Amino acid sequence: ALDLSFYAEPPNYELSLDEFEEFALARLKVLRTIEELRTRNVTGIEFRKQLQKAIEENLKPSLTSSSSSSSSSTTSKHKPKQMAQQAKKKQDIASHFILRAAYCKTEDLRRWFMTQETTLFKYQLEKLAESSSSSLHHFLLQNDLHFEAITEEEKNKIKPFLLLIPMAGNGSGSQSSTTYNTYNDYKVPSLNEVSTTTYFKIHFSEASDLIAKRQCYVSKGYAYVPMPKLVSIITAKFRIHLSKSLAKASRVFNQVNEEYPPIAPLLQNMNSQYTGKDYNGQDQNGIGGNGTYDLTANNIESFVPSMPLCMMQSHNGLKQDSKLRHHGRLQYGLFLKGSGMNMEESLIFFQQQFTKIMSGEKFQKEYSYNIRHMYGKEGKRTSYSAYNCQKIIMGTPPNTGDHHGCPYKHYDRDHLASVLSKLKIGSAIDRAEILNLKQGRHFNLACQKHFDVMHPNAKSVKAIDLTGVGHHPNAWYRASVAYNAVKNNHGYDGDGKKSSSEEQQQEQGKTEEMKTDA
């Protein structure tokens with residue numbers, strides 16, 4: 001049986017600080033994978049496949065971590081398989097509670113955590129129900145979830161109605177799911193399936209989701225739900241439980257940070273930890289791999305249309321004011337670095353802009369150091385990475401005269417509408433959808449929609465890697481440059497190789513030469 005927890009009680013074992021951070025970041029990668037898949041509108045079997053891959057890659061701890069907090073005499077009695085299961089369960093429960101503590105401090109963070117955790121819980125619960133009804137029944141007993149099973153006599157009375165209610169999926173043993181859109185929810189059960197399935201009598205108010213989809217029989221204020229369909233109801237209970245727990249944790253967040261100073265920095269900064277590709281410019285040799293798409297002071301204007309809105313606004317603000325304030329220089333400067341602009345070109349570019357309102361001497365004295373510092377040439381010699389979306393969204397908000405931040409979060413609706421219209425981003429309908437996503441505080445989805453509008457059918461182009469689009473400005477930029485390169489027949493297939501169309505053109509040219517020689 002699969003291990004699954006309702007996370008009702010926090011763990012009481014000890015973790016090292018390294019384990020504390022390692023467990024939390026591992027789970028955070030899975031939750032962010034869920035968010036990214038949803039942002040990219042990945043559904044069905046592909047959603048399940050990629051989520052399972054993320055779980056297997058990140059939530060498989062080593063046996064050493066499980067044994068570190070147990071005595072050798074105890075662990076020696078366990079077989080390797082049992083030890084592996086123990087380690088997995090330990091990491092699962094610990095990582096959930098660590099992230100619950102880290103994401104309880106603001107409403108935005110609580111909402112984000114609850115959405116991703118609920119999706120993860122539902123996916124795992126569905127897998128449990130698919131494995132066997134006995135596994136699901138054991139989970140219910142283990143977590144003190146009581147549902148009234150109907151008697152055989154009562155089942156026989158309503159059996160004609162139960163035969164009309166979809167119970168299983170498409171023959172693969174899976175129950176229905178709207179989250180993943182994988183199953184055929186309208187496959188009615190056989191007489192034998194109804195006879196051998198346990199049904200539960202549940203108050204209609206707890207089965208509203210199933211009632212709305214006509215997936216249960218309702219009579220006299222009660223819904224009759226087959227065992228596999230309990231997933232929806234249990235998930236709703238889990239979400240309510242998690243919401244209450246997060247609210248309770250938020251009230252003691254500051255106290256915990258004061259009483260446990262070693263973990264305070266980890267809890268305070270966990271939500272801004274980036275777990276995706278690191279864009280620090282060190283592996284950038286032009287997006288095409290041959291220097292064709294290197295970013296320089298001379299060609300940057302031609303690449304501005306491929307920038308996400310946040311960076312486009314930073315660039316336009318720089319052009320307008322001939323200057324960027326501290327946070328704007330960091331956000332935009334590190335973006336350019338992550339996009340492949342080297343330090344020399346960055347110094348040239350910013351000096352060209354800043355010296356429109358100041359002398360070259362003043363620029364060198366007051367601003368060049370900061371740029372060299374970004375590239376790890378000054379101070380601690382640390383090469384800094386470009387900001388991801390989470391860091392920008394949760395970072396210092398812009399004031400009047402600033403040009404940093406996330407437009408989808410920090411602009412009001414009217415200002416954002418004006419900017420989208422001025423830049424001619426999509427149709428009026430597209431812009432309205434982006435604004436509605438912004439209004440619903442779905443900032444990443446709004447950014448993703450912007451990309452989709454400006455890059456039609458990008459998902460169907462094999463050469464384009466869309467991973468991270470809507471979650472990192474540099475991922476957005478690289479995908480856009482790749483898309484435009486393919487669109488404009490520049491011979492870029494995503495790996496720095498010639499595209500098939502260019503190869504065909506070359507072959508055609510050789511054929512023409514042969515004809516001429518003949």
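This tour goes through the cores and pockets of a predicted model. Residues are numbered from 1 along each chain as its sequence is written, and side-chain values use heavy atoms, without hydrogens and water. Local features need pLDDT of at least 70 and side-chain atom pairs 80 or more, while totals for chains, interfaces and linings use all residues.

**Stop 1: the cores**

Select Tyr103, Leu125, Phe139, Phe147, Leu230, Ile234 and Met270. They have the most contacts inside the largest nonpolar core, which has 62 residues. Such a core is a set of buried Ala, Val, Leu, Ile, Met, Phe, Trp, Tyr and Cys residues joined through side-chain atoms within 4.5 Å. Buried means under 20% relative accessible area (1.4 Å probe, protein chains only).

Now select Leu309, Leu324, Phe349 and Tyr408. These belong to a second, separate core of 58 residues.

**Stop 2: the largest pocket**

Select Glu36, Arg40, Asp465, Thr467 and Gly468. Of the 41 lining residues, these lie nearest the centre of the largest pocket. A pocket is an open set of points on a 1 Å grid where a 1.4 Å probe fits, with protein on both sides within 12 Å along at least five of seven lines; lining residues have an atom within 4 Å of a point. By class, the lining has 17 nonpolar, 13 polar and 11 charged residues.

**Stop 3: the second largest pocket**

Select Pro10, Phe97, Ile98, Ala101 and Val256. They are the closest to the centre of the second largest pocket, among 27 lining residues. What is the lining like by class? It has 19 nonpolar, three polar and five charged residues. Here Ala, Val, Leu, Ile, Met, Phe, Trp, Tyr, Cys and Pro count as nonpolar, Asp, Glu, Lys and Arg as charged, and the others as polar.

Terms used:
Buried < 20%, exposed > 50% of the residue type's maximum accessible area, 1.4 Å probe, protein only.
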